[in-house]
Amino acid sequence: MRTVNAIAATSATDPLVRTTIERRDLGPHDVLIEIRYAGICHSDIHTVRGEWGDVAYPLTVGHEIVGQVAEVGREVTGHAVGDRVGVGCMVNSCRECENCRAGQEQYCLNGNTGTYASVDRDGTVTQGGYSTHIVVDADFVLRVPENIPYEKAAPLLCAGITTYSPLAHWNAGPGKKVAVVGLGGLGHMAVKIAVAMGADVTVLSQTLGKKDDGLAFGARDYQATGDPATFEALRNSFDLIINTVSAPIDMAAYLGLLRLDGTLVSVGAPPQPLPVPVFALFGNRRSFAGSSIGGIAETQQMLDFCAERGIAPDVEVIGADAVNEAYERVLRSDVRYRFVIDVDSLR
């Protein structure tokens, strides 16, 4: 076992602290990654604060991970020492179920192994990327293109793929009108990716406070949902709505914005249920759906897509000692648009 420096939550209420964690010995199919940067996702906060269920503490979170290959197992052929690589929200799956065989490991019928807070193949609880090193099965390691800066690549492993996957699945592109609810870590990536796909994009945010940013990212319109007139003016307007917020929304009001056969897709995950009024679905044959991350092949596709089109998140790089402050700022929506930990500050 390898002992490495890390940041961990010791309870749902106490601040995260510096600590050490153990990484398993390198197996024949494993890759040892020296982590350079780790993004802070709202999911990390939900998890460490017990909002999505019971947690085994101490826990190191982080599933937006980029770094360099430090060592490879004897049977690994797809990665070599020194390669720029990344790890997203999962580190294994059963490989045998119908969904895994279809390249949709994120929907593994036997449950994929999350990068943190999951039971690993050796029976231990997985620990995430707020650490200096991680050992991952080679099949779940992504190639990070050279022209994406390391610190900007990290959030693509969650925020990027979480928005790319539904946009690709529901065919965002030329002739499609797409609304993005919320302009945060997920939302700003949804805007950039949808614009790059050729869609006509509108941002729906509580206020107009980030309007200049939304338009700079390529959105054609930006409307305040705090104004009731917005919902009347935009009624029956959109083919696709990507809801990125992790808080309850008025489902009837947002469903009313969909045109014929339009779909509202939630990628944000509020702890509370989202009640869906059935009659709001009947009009225009509307649909409400959820979407998780993407499979490994689709995640690599997303990375290549972003590299080819010069797409990257806007980030604020912080040191390890600023993580607790960063969590509070995320909850206040005081970040534009993703915190990324410089893991060298942990060494």
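**Exercise 1. Which residues of the largest nonpolar core touch the most other members?**

Before starting, note that this is a predicted model, in which local features need pLDDT of at least 70, side-chain atom pairs count only at pLDDT 80 or more, and totals for chains, interfaces and linings use all residues. Numbering runs from 1 along each chain as its sequence is written, and side-chain values use heavy atoms, with hydrogens and water left out.

Step 1. Recall that a nonpolar core is a set of buried Ala, Val, Leu, Ile, Met, Phe, Trp, Tyr and Cys residues joined through side-chain atoms within 4.5 Å; buried means under 20% relative accessible area, exposed over 50%, partly exposed in between (1.4 Å probe, protein chains only).

Step 2. Among the 87 residues of this core, the ones touching the most other members are Ile40, Val66, Tyr130, Leu167, Val191, Val323 and Tyr327.

Step 3. Helix α5 (residues 185–197) supplies the largest share, 7 residues. Helices (H or I, at least four residues) and strands (E, at least two) are DSSP runs, numbered from the N terminus.

**Exercise 2. Find the partners of Leu167.**

Contact means heavy atoms within 4.5 Å. Leaving aside residues up to four places away in sequence, Leu167 touches Ala172, Val178, Ala190, Ile193, Ala194, Met197, Leu240 and Ile242.

**Exercise 3. Is Arg338 buried or exposed?**

Step 1. Locate Arg338 in strand β17 (residues 338–342).

Step 2. With a relative accessible area of 6%, Arg338 is buried.

Step 3. Now look at its surroundings: not counting residues up to four places away in sequence, Arg338 touches residues including Ile40, His42, Glu64, Asp314 and Glu316.
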